[in-house]
Amino acid sequence: MIRNRTCDNPPPSFDGNNCEGSASENQSCKLTNCSVNGNWSVWMAWSSCSASCGNGTRTRNRTCDNPVPAFGGEECYGINTDSEECMIINCPINGNWSVWLAWSSCSASCDNGTRTRNRTCDNPVLAFGGEECDGIDTDSEVCMIINCPINGNWSVWLAWSSCSASCDNGTKTRNRTCDNPVPAFSGEKCDGIDTDSEVCMIINCPINGIWSSWQSWSDCSTTCGGGIKNRTRICDNPAPEHFGLDCDGHCFESSSCGEGTCPPSGVWGTWTEWTDCSASCGEGVSGRTRICDNSTGIECIGTKSETKGCQIWKCYDSWGDWSACSFTCGSGIRTRNRTCDGEFTGEKCGLNTTMFRDVKSCVNPESCQESFCESRNGICSYHHPHRGDLYITCDGNRFMYERLCNVLLRYKVSNTDECEGYCDREDNVPCSL
């Protein structure tokens, strides 16, 4: 129990001194113990969730000790354990197949086809990182309503038979069968033939030649004085072929004709003098004519006119001495030179030098002991597009240089000399000297 007192007899002075001693005083006393009702403590922390994923539960506890019921006091009212649902993360849900749907219709109206059925991965649908359904979502199987008709088809042709003839035209055959495939289930038979044939020939049979008829006689080679007429025939009726025999006999025959005496032919008069050269300098042409006395009625044999080349050079120096003969035996050539006016003997007149050369043939008193080449057969070739240089190769790699100008064969002094005039060109011509 407690009692109190006040500090007011007298009141404290203004100097700040207070009453001495305590203002209250306790003194123990005891009558009876009062009843104490129990009271809950605060809830403890929640426990861990009972599941690591998906739905679980957690709990918490409290105790009836705040205070503990005593002296007949009442217990705490309520529960000492509490729980609730909890989820940390969603658990993965693996997919699972639904039941198969009905089969589709067969893809073919006959023979083998296919039909299919499907299912879906939705029983359940995969979620939260779950795995796909294991397996396929489409199934198929062979189906057949009826057998389809099978049309027949030809096999490949077999090898050809031997030729029916040993030479010239024969025949050979080959076969095939309607078994690729054989027609079945009301299918159609093969269209076409099962046997083929063609013309064959191993070798040509020999054909002996037979003469055609004689051709008409040719005109007589002369109308008088005795001549010749000819006629021919050809071995082409048929011509020999394939190792057949040639025609027996001759393809040509002659007969005499025109035995009458010929009147005398015309007589040529003498040639006129050569005309002046057609060029005032350089190369030109000169001509001459003659008259035929044909009083007998027969024309003269030959031409009534002829031409030749001519050259006019304007030179001031006299001719030099003739050179020695180009060969020491047999025939050769000799040359001499003089200087000419370049204005007339240059390019305007067809020359590229002012030195003019004259050439004439020469014959040595002594004949050559042997021919220039042991073999007179050589190869002729022309080596200039406008000049007629003719090179003849003989045995022993010895050369004889000749030129062919205006269809005349002349000797050259050396292979460096130019050929005067223009000549026909021909390459690699076999020749005999």
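Which side chain meets that of Arg117 in a salt bridge? In this predicted model, in which local features need pLDDT of at least 70, side-chain atom pairs count only at pLDDT 80 or more, and totals for chains, interfaces and linings use all residues, the partner of Arg117 is Asp139, at 3.2 Å from N to O. Arg117 belongs to strand S5 and Asp139 to strand S6, so the pair ties together parts that are 22 residues apart in sequence; strands (E, at least two residues) are DSSP runs numbered from the N terminus.

The structure holds eight salt bridges, each defined as a side-chain nitrogen of Lys or Arg within 4 Å of a carboxyl oxygen of Asp or Glu. Among them is the one between Arg115 and Glu141, whose closest N and O atoms are 2.4 Å apart. Because Arg115 lies in strand S5 (residues 112-118) and Glu141 in strand S6 (residues 138-144), this pair links parts that are 26 residues apart in sequence. Arg115 is partly exposed at 29%, and Glu141 is likewise partly exposed at 29%.

A further salt bridge joins the side chains of Glu84 and Arg58 (2.4 Å, N to O). Glu84 is in strand S4 (residues 81-86) and Arg58 in strand S3 (residues 56-61), so parts 26 residues apart in sequence are tied together. Glu84 is partly exposed, with a relative accessible area of 31%, and Arg58 is partly exposed at 28%. Residues are numbered from 1 along each chain as its sequence is written, and side-chain values use heavy atoms, with hydrogens and water left out.

Notes. Helix = DSSP H or I, 4+ residues; strand = E, 2+ residues; numbered from the N terminus. Buried < 20%, exposed > 50% of the residue type's maximum accessible area, 1.4 Å probe, protein only.
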